Amino acid sequence: IFWYQQPPRSGLKLIASSTSWKDNSYEDGYSEAKFEVNRESKNYSLMTIKNLTPKDEATYFCAASDH
């Protein structure tokens, strides 16, 4: 599972990826303290954004891969 952020008038930025139930990998500039990713099953993932500020304004996407 991959989580992306797309700020206004900007491109997609990868926030985090999850390759197993509890193993999340965060990109530089993103952390679990701000973007908490929970993967409850193979086909379900939830990202919670904590302590929202105006800088968090964006469209957020998730994507999945079978590989």
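Which residue forms a salt bridge with aspartate 56? In this predicted model, the partner turns out to be lysine 34, and the closest N and O atoms of the two sit 2.7 Å apart.

The salt bridge count comes to 2. The other pair is glutamate 36 with lysine 50, where the closest N and O atoms are 3.6 Å apart. Here too distant parts of the chain are linked: glutamate 36 is in strand E4, lysine 50 is in the loop between E5 and E6, and they are 14 residues apart. Glutamate 36 is partly exposed, at a relative accessible area of 24%, and lysine 50 is also partly exposed, at 31%. As for the pairing itself, side chains of opposite charge can pair when their charged atoms come close.

Then there is the nonpolar side of things. The largest nonpolar core is made up of 8 residues, namely Ile1, Trp3, Ile15, Ala16, Tyr30, Phe35, Val37 and Met47. Strand E2 (13-18) and strand E4 (35-41) are the elements that give two or more residues to this core. Setting aside neighbours within four places in sequence, methionine 47 is in contact with Trp3, Ile15, Phe35 and Val37, among others. Its contacts also include Tyr60 and Glu36, and glutamate 36 is the salt-bridge partner of lysine 50.

Technical notes: Residues are numbered from 1 along each chain as its sequence is written. This is a predicted model: local features need pLDDT of at least 70, side-chain atom pairs count only at pLDDT 80 or more; totals for chains, interfaces and linings use all residues. Side-chain values use heavy atoms; hydrogens and water are left out. A nonpolar core is a set of buried Ala, Val, Leu, Ile, Met, Phe, Trp, Tyr and Cys residues joined through side-chain atoms within 4.5 Å. Buried means under 20% relative accessible area, exposed over 50%, partly exposed in between (1.4 Å probe, protein chains only). Helices (H or I, at least four residues) and strands (E, at least two) are DSSP runs, numbered from the N terminus. Contact means heavy atoms within 4.5 Å. A salt bridge is a side-chain nitrogen of Lys or Arg within 4 Å of a carboxyl oxygen of Asp or Glu.
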